[in-house]
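The following exercises concern a single protein chain. Each task is followed by a solution in steps.

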Amino acid sequence: MKPIAILQHEPSQGPGYLLQVLREQGLPHTLLRSTEGESLPGRADEFAGLVLLGSNHSANDEHLPWVRAELALLRDAIDRGVPVLGHCFGAQLLARALGARVQRNARAQIGWNRLWTTPGAGRALFDGAARPWTFNWHYEGFEIPRGAQRLLFGRHSLNKGFAAGPHLGLQCHLEITPESLRAWCAEGRHELAHPDETVQCEAELLRDLGARCALLHQGARAVYRHWLEGLERPLSLPVQGTVSPPDSRCLILQQSRAYL
């Protein structure tokens with residue numbers, strides 16, 4: 001099997017729980033850091049799939065060479081049918097590669113909350129969960145690309161997730177771990193100085209951290225399993241605490257084919 005490429009943009013924003021899932025399955029993967037000057041391959045089909053992580057930069061920062069390079073790689077992946085999974089900034093860049101706009105939200109969203117899954121594909125992606133537990137830290141959001149399907153929505157942001165064929169864009173972080181969130185808080189403490197309705201304080205972010213991450217990872221495991229099943233070699237990832245409907249992947253793919 002070809003490796004899965006993970007594009008990391010910040011030292012503190014690593015693949016976290018996703019890396020644990022890949023290691024459990026013995027799946028080959030490689031970490032690419034274009035922000036540090038590493039060259040990206042010219043063809044996306046050198047990989048089984050592409051994963052894009054978060055960033056402190058904007059997906060609209062095309063003056064940055066690495067943003068332009070990643071956009072080009074994403075467009076090649078879309079053309080060649082190489083599945084893409086975007087987290088937060090990665091989802092925004094995927095939306096741009098699909099022709100949608102990314103723009104500043106009215107309010108920052110930092111903290112824990114429950115989102116809503118859309119009936120059908122969204123619900124199936126999270127193995128039937130209607131209100132999955134998620135973590136957010138973002139200032140911008142994406143439009144749903146033309147032909148794509150909304151999967152998630154929230155109280156303060158309608159567009160929190162979409163599927164476009166084999167590609168998933170998630171305006172949230174499913175990959176965080178207790179260790180990474182503590183690092184994020186230390187690094188971004190100035191962003192938490194004035195908590196309000198959509199920005200939680202550091203104490204709230206770190207409250208019951210182990211239990212909250214465990215709930216987050218239940219949903220993450222379901223999402224990652226479905227996405228991995230779309231790679232060139234079908235995989236079976238064990239489910240913890242829930243049983244996936246036997247036709248859930250078919251439902252997602254059937255309802256996403258309008259894009260293809």
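Helices (H or I, at least four residues) and strands (E, at least two) are DSSP runs, numbered from the N terminus. The model is predicted, so that local features need pLDDT of at least 70 and side-chain atom pairs count only at pLDDT 80 or more, while totals for chains, interfaces and linings use all residues. Residues are numbered from 1 along each chain as its sequence is written, and side-chain values use heavy atoms, with hydrogens and water left out.

**Exercise 1.** State how many helices and strands the protein has, and describe the confidence of the model.

*Solution.* Step 1: there are eight helices and ten strands. Step 2: pLDDT is the predictor's confidence in each residue, from 0 to 100. Its mean for the protein is 91, with 89% of the residues at 70 or more. Step 3: residues 241–260 stay under 50 in pLDDT.

**Exercise 2.** Characterise the packing of α2 against α3.

*Solution.* Step 1: axes are lines fitted to C-alpha atoms, for helices over the stretch in contact, and angles run from 0 to 180 degrees between N-to-C directions. The axes of α2 (residues 65–80) and α3 (residues 89–97) come within 9 Å, crossing at roughly 65°. Step 2: contact means heavy atoms within 4.5 Å.

**Exercise 3.** Identify the residues that touch the most other members of the largest nonpolar core.

*Solution.* Step 1: a nonpolar core is a set of buried (under 20% relative accessible area, 1.4 Å probe, protein chains only) Ala, Val, Leu, Ile, Met, Phe, Trp, Tyr and Cys residues joined through side-chain atoms within 4.5 Å. Step 2: in the largest core, of 44 residues, these are I4, W112 and Y224. Helix α7 (residues 209–229) contributes the most to this core, namely eight residues. Step 3: a separate second core, of 32 residues, includes L74, F89, L94 and V102.

Definitions and conventions. Buried < 20%, exposed > 50% of the residue type's maximum accessible area, 1.4 Å probe, protein only.
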